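Work through the exercises below with the sequence and the 3D view open. Try each task before reading its solution.

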Amino acid sequence: MDSQYDIVVIGSGIGGGTLVHALKDSGASILLVERGDHLPAEAANWSVAAVFGEGRYRAREVWSDRDGRPFTPGVHYCVGGNSKLFGAAMFRLRAADFAALEHADGLSPAWPVDYATMAPWYDKAEALYRVGGAAGRDPTEPPRGAPYPLAPLEHEERIAELAGRLTAQGLSPFPIPSTIDRPVAEGGGGKCQRCATCDGFPCMVGAKGDAETRAVLPALRSGSVTLVTRARALRLDTTPDGRRIDGVLLERDGERRLVRAGLVVVAAGAVNSAALLLRSANARHPQGLGNRSGQLGRNYMAHNNTALMAFSPRRNPTRFQKTLAVNDFYFRGPGFDRPMGNLQLLGKLQAGMLTAATPLIPSAIMRAATARSVDWWVMSEDLPDPDNRVTLDGERIRLAWTPNNLTGHRALVRATARMMRRAGYPLTLTKRMGLATTSHQCGTVRFGDDPARSVLDPFCRSWEIDNLFVVDSGFFPSSAAVNPALTIAAQALRAASHITATPITATPSRPRAQGAVS
């Protein structure tokens, strides 16, 4: 690692990894900073006890809630970020999600860009992540400029049967668009073994299209990118006038080092990116960098999420379950004329995983129950609230989040239970996720058209600091009701295109890239 680069990118998840991949041939010298390390390919990758019981890959970090009570967030610091353990679902936002949308409990604000602006970048993001899907099956699907790069993963027998029963109800179930290498048995050449340990687990065989696999590793092979792991960005320093980032203070293995860059991209996740900018407050930016609007850290969202297990007397032999979704209730449902949200199957739940059960239920009973369940992730939009926010208690992150927009979510949970009863699953159990479920975190560094009401411009550039971009889910003005990963990637590609047209003037020389720094 040298002391000077054209571009420093902080965070190697979907945002940072995708952006670095897009800039690898720009001629710029790029430093990619990751506070974690590469996750090892090991037997524990697919162990329920290791991943869920021990939290083997979860960050050893404690945050505080609104009232100062400690909790352990569901974040993972590693090359590829949270995408190393995601379920690989890659949805586009619906076209109407970019406009103001009235919900039962409030208004979801418009974005500063519309779907037509984002559509070509969605095409490119799907190509980069090799997304498999089936166009024309989702009743809410926005217009597409290109077909999916790959066919979707096939349903296993019990899920195909369920899809037929849902269709008989007048619904339109469709394959989940996902970034998984299709198995050879399905006509693909990929490594996927259709295991039962994908959603929420690292992939031991590299079949999941996470940010490391699809973006970071190819970028490193270009020779223009240096990756430094186990390095935490402590602070961003500005020039005396506060108009540019002058240096990035890193801490690695107990040693601190100041790195200078012509341009800095923060992509550490919505919570940590906001925390870094707040921690970097100085005389010119007393409320945090680029925070004249007062919006930095505010409007945290994470979706309203419920795990729903539907039980049948029959056993469910499915191994790879996460192949089916339902969007018929996305904008309205039976007897409910406001948006409700998205349904998608979870990876097959097993005893000891994040289920709708409690720790008080004996494991033998849970094994019997999960052997007969079909498992859904019921997801609804939560609305931006300035009091749901990231602040700092000294060095500790405080995350204040009070769920809102629950009327539509509760309606969706009820509709899902009715749907499954009609499909032959008479019993359902549910568990609503809480503050620690941060996998869909977004909204803390929102972009917009008005500097008085947003932190970033429509290209994710700071309104106040010329060479600062934030390219992760923090830019979301609303959460919509689908997984955020593909939208993060699409905007990262759009921002990268804008950056290549932005002169880099602060770095007089370009060091030779060094590849990975272990």
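The model is predicted, so local features need pLDDT of at least 70 and side-chain atom pairs count only at pLDDT 80 or more, while totals for chains, interfaces and linings use all residues. Residues are numbered from 1 along each chain as its sequence is written, and side-chain values use heavy atoms, with hydrogens and water left out.

**Exercise 1. Classify the ring pair of Trp-63 and Phe-71.**

Step 1. A pair of aromatic rings is described by the distance of the centres and the angle of the planes. Rings of Phe, Tyr and Trp (its six-membered ring) pair if their centres lie within 6.5 Å; planes under 30 degrees apart are stacked, over 60 edge-to-face, and the rest tilted.

Step 2. The whole structure holds 12 aromatic pairs. For Trp-63 and Phe-71 the centres are 6.2 Å apart and the planes make 85°, so the pair is edge-to-face.

Step 3. Buried means under 20% relative accessible area, exposed over 50%, and partly exposed in between (1.4 Å probe, protein chains only). Trp-63 has 0% and is therefore buried; Phe-71, with 14%, is buried too.

**Exercise 2. Locate Trp-111 and Phe-447, and describe their pair.**

Step 1. The pair is edge-to-face, with 5.6 Å from centre to centre and 85° between the planes.

Step 2. Helices (H or I, at least four residues) and strands (E, at least two) are DSSP runs, numbered from the N terminus. Trp-111 lies in the loop between β6 (106–108) and α3 (115–129), and Phe-447 in the loop between β18 (427–432) and β19 (468–470). The two residues are 336 residues apart, and their pair links distant parts of the chain.

Step 3. Trp-111 and Phe-447 are both buried. They belong to a cluster linked by ring pairs, which also includes Phe-98, Tyr-115 and Phe-475.

**Exercise 3. Which residues touch the most other members of the largest nonpolar core?**

Step 1. A nonpolar core is a set of buried Ala, Val, Leu, Ile, Met, Phe, Trp, Tyr and Cys residues joined through side-chain atoms within 4.5 Å.

Step 2. The largest core has 114 residues, and the answer is Leu-19 and Leu-236. Helix α9 (residues 485–500) gives the most to this core, 10 residues.

Step 3. Another core, lying apart from it, has 25 residues, including Leu-171 and Met-419.

**Exercise 4. Is Pro-142 buried or exposed, and is Thr-72 buried or partly exposed?**

Step 1. Pro-142, in the loop between α3 and α4, has a relative accessible area of 5% and is therefore buried. Contact means heavy atoms within 4.5 Å. Leaving out residues up to four places away in sequence, Pro-142 touches Arg-92, Leu-93, Arg-94, Ala-95 and Tyr-115.

Step 2. Thr-72, in the loop between β4 (70–71) and β5 (101–103), has 36% and is therefore partly exposed.
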